[in-house]
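Here are a few exercises to work through with the model open beside you. Try each task before you read its solution.

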Amino acid sequence: VQLQASGGGLVQDGGSLRLSCAASGSIFSINAMRWYRQAPGKQRELVANIRSDGRTNYADSVKGRFTISRDNAKNTAYLQMNSLKPEDTAVYYCNADLKRTWFESSRNFWGQGTLVTVSS
């Protein structure tokens, strides 16, 4: 199983970006999909979470600006980031709880990071 994150880049203060996280490989079902971020010198933090039923949770710092969504048919999660601020600059990582087969327990997987840089 691989999680492929994409969509990072350089954007100005107030701009927007859309990140994608595509899960591939042997996948039976995906439970939660998440986005984390890690800024230089800081701990990795949870940005947003979306469950299989579509319910979402956000870090207080991004509420009202970021929207997480998923396309179950494509095993892909998205993070629409609007009104970006310099403090949003970080490496963004996707994460998922999924089952590879019906009889396995759910396991947690990480994707590689994608860098988001917001210039002031």
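Buried means under 20% relative accessible area, exposed means over 50%, and partly exposed is what falls in between (1.4 Å probe, protein chains only). The model is predicted, so to speak: local features need pLDDT of at least 70, side-chain atom pairs count only at pLDDT 80 or more, and totals for chains, interfaces and linings use all residues. Residues are numbered from 1 along each chain as its sequence is written, and side-chain values use heavy atoms, with hydrogens and water left out.

**Exercise 1. Work out how the aromatic rings pair up.**

Step 1: set the rule. Rings of Phe, Tyr and Trp (its six-membered ring) pair if their centres lie within 6.5 Å; planes under 30 degrees apart are stacked, over 60 edge-to-face, and the rest tilted. There are 3 aromatic pairs in the structure.

Step 2: take tyrosine 36 and tryptophan 110. Their ring centres are 4.8 Å apart and their planes meet at 50°, so this pair is tilted. Tyrosine 36 belongs to strand β4 (residues 29-38) and tryptophan 110 to strand β10 (residues 107-119), so the pair ties together parts 74 residues apart in sequence. Tryptophan 110 is partly exposed, at 40% relative accessibility.

Step 3: move on to tryptophan 102 and phenylalanine 103. This aromatic pair is edge-to-face, with 5.6 Å centre to centre and 85° between the planes. Tryptophan 102 is exposed at 62% relative accessibility, and phenylalanine 103 is exposed at 58%.

Step 4: look for a cluster. Tyr36, Tyr93 and Trp110 form one.

**Exercise 2. Which rings have an arginine over them?**

Step 1: A charge sits over a ring if NZ of Lys or CZ of Arg is within 6 Å of the ring centre and within 35 degrees of the ring normal.

Step 2: apply it. Arginine 18 lies over the face of tyrosine 78, 4.0 Å from the ring centre. The charged end of arginine 44 is over the ring of tyrosine 93, 3.8 Å from its centre.

**Exercise 3. Trace the contacts of aspartate 97 and asparagine 108.**

Step 1: start with aspartate 97. It lies in strand β9 and is buried, at 17% relative accessible area.

Step 2: list its contacts. Beyond four places in sequence, aspartate 97 touches Ile30, Asn31, Ala32, Arg34, Ser106, Arg107 and Asn108.

Step 3: go to the partner. Asparagine 108 is in strand β10 and is partly exposed at 38% relative accessibility. With neighbours within four places left out, its contacts are Arg34, Asn95, Ala96 and Asp97. Asparagine 108 and alanine 96 are 12 residues apart in sequence but 5.6 Å apart C-alpha to C-alpha.

**Exercise 4. Where is serine 52, and what does it touch?**

Step 1: serine 52 is in the loop between β5 (45-50) and β6 (56-58). At 46% relative accessible area, serine 52 is partly exposed.

Step 2: leaving out neighbours within four places in sequence, serine 52 is in contact with Ile30, Asn31, Arg70 and Asn72.

How values were computed
Helices (H or I, at least four residues) and strands (E, at least two) are DSSP runs, numbered from the N terminus. Contact means heavy atoms within 4.5 Å.
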